Amino acid sequence: MGTAERRDAPEVRVAERPAGIPGQVAPERGIPARERGGVTNGRQRSAYRPLWVEEPARRRRMADPVRTAAVRAVLVIAVTLVQAMVAFLCTLAGSWLAFPMVISSVAGTVVATWAVVDVWVTRQVWNQRYGVVSEPSSTARQLRRERRAARRRERVARRDQARIARRGGAKRLSHP
């Protein structure tokens with residue numbers, strides 16, 4: 001809004017501003033909008049539209065070790081493809097660099113294969129260690145709960161015995 005428009009606009013305090021209607025949708029592309037006010041100088045004020053609308057992710061995010069291995073594999077594959085292209089072009093040009101580039105491309109292919117297998121293995125290991133869905137009916141969960149309760153009872157018993165020993169409970173009667 002320019003200075004002239006600001007001068008002509010009626011002064012509206014914050015408490016008097018009309019609140020936006022929740023769930024109102026802007027006319028373009030279904031983006032939620034909030035009205036800022038009424039008509040000013042015969043023109044409608046532009047509605048507030050956010051720069052982006054957050055959408056829930058369709059898939060869960062990859063685990064950090066898996067993502068690291070995937071990035072490493074992509075970089076190795078990209079370098080290998082560049083090496084193969086340079087080897088091909090050097091061969092067409094009849095350059096002396098063609099033979100070393102072909103050898104390095106073969107080595108790069110082996111390393112790229114290893115990198116892809118590394119992503120697969122890392123993903124499998126991560127799923128095996130952390131990806132188990134624990135359900136309430138799981139027998140493993142029930143056994144874990146029972147062991148935890150037994151350890152808790154044992155700790156409480158040891159604490160009570162230590163408290164009795166500290167007070168010299170063997171020498172005193174609890175009821176006079």
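Is E154 buried, partly exposed or exposed, going by its relative accessible area? E154 is partly exposed, because its relative accessible area is 46%. Keep in mind that this is a predicted model. The protein has four helices and two strands, and from the N terminus on they run α-β-β-α-α-α. Of its 176 residues, 14% count as buried.

**Salt bridges**

- A search of the whole structure turns up five salt bridges. Side chains of opposite charge can pair when their charged atoms come close.
- E154 pairs up with R158, with 3.4 Å from N to O. The two sit four residues apart in helix α4, so about one helical turn separates them.
- R61, D64 and R67 are tied together in a network of salt bridges. D64 takes part in both of the contacts described next, one with R61 and one with R67.
- For D64 and R61, the closest N and O atoms are 3.9 Å apart, which just makes it under the 4 Å cut-off for a salt bridge.
- For R67 and D64, the closest N and O atoms are 2.3 Å apart. These two are three residues apart in helix α2, so they are separated by about one helical turn.

**Surface patches**

- Helix α4 covers residues 139-167, and R148 lies in it.
- R148 belongs to a surface patch of positive charge, where R144, R145, R147, R148, R151, R152, R153, R155 and R159 gather.
- R148 itself comes out at 39% relative accessibility, so it counts as partly exposed.
- L92 is part of helix α2, which spans residues 64-93. With a relative accessible area of 62%, L92 is exposed.

**Aromatic pair**

- A pair of aromatic rings is described by the distance of the centres and the angle of the planes.
- How many aromatic pairs does the count come to? The count comes to one aromatic pair, formed by W126 and Y130, with 5.4 Å centre to centre and 45° between the planes.
- That pair goes down as tilted, because the tilted class takes what is left between stacked (under 30 degrees) and edge-to-face (over 60).
- W126 and Y130 are four residues apart in helix α3 (residues 98-130), so about one helical turn lies between them.
- Are the two partners buried, partly exposed or exposed? W126 is partly exposed at 25% relative accessibility, whereas Y130 is exposed with a relative accessible area of 55%.

**A contact across the sequence**

- V71 is found in helix α2, and at 46% relative accessibility it counts as partly exposed.
- How far apart are V71 and A115 in sequence and in space? They are 44 residues apart in sequence, and their C-alpha atoms are 9.6 Å apart in space.

Methods:
Residues are numbered from 1 along each chain as its sequence is written. This is a predicted model: local features need pLDDT of at least 70, side-chain atom pairs count only at pLDDT 80 or more; totals for chains, interfaces and linings use all residues. Side-chain values use heavy atoms; hydrogens and water are left out. Patches are made of residues with over 30% relative accessible area and no salt bridge: like charges are joined within 9 Å, nonpolar side chains (Val, Leu, Ile, Met, Phe, Trp, Tyr) within 5 Å. Accessible areas come from the Shrake-Rupley method with a 1.4 Å probe; for residues, only the protein chains shown count as cover. A salt bridge is a side-chain nitrogen of Lys or Arg within 4 Å of a carboxyl oxygen of Asp or Glu. Lys and Arg count as positive and Asp and Glu as negative; His and the chain ends are not counted. The place of a charge is taken as NZ of Lys, CZ of Arg, CG of Asp or CD of Glu. Buried means under 20% relative accessible area, exposed over 50%, partly exposed in between (1.4 Å probe, protein chains only). Rings of Phe, Tyr and Trp (its six-membered ring) pair if their centres lie within 6.5 Å; planes under 30 degrees apart count as stacked, over 60 as edge-to-face and the rest as tilted.
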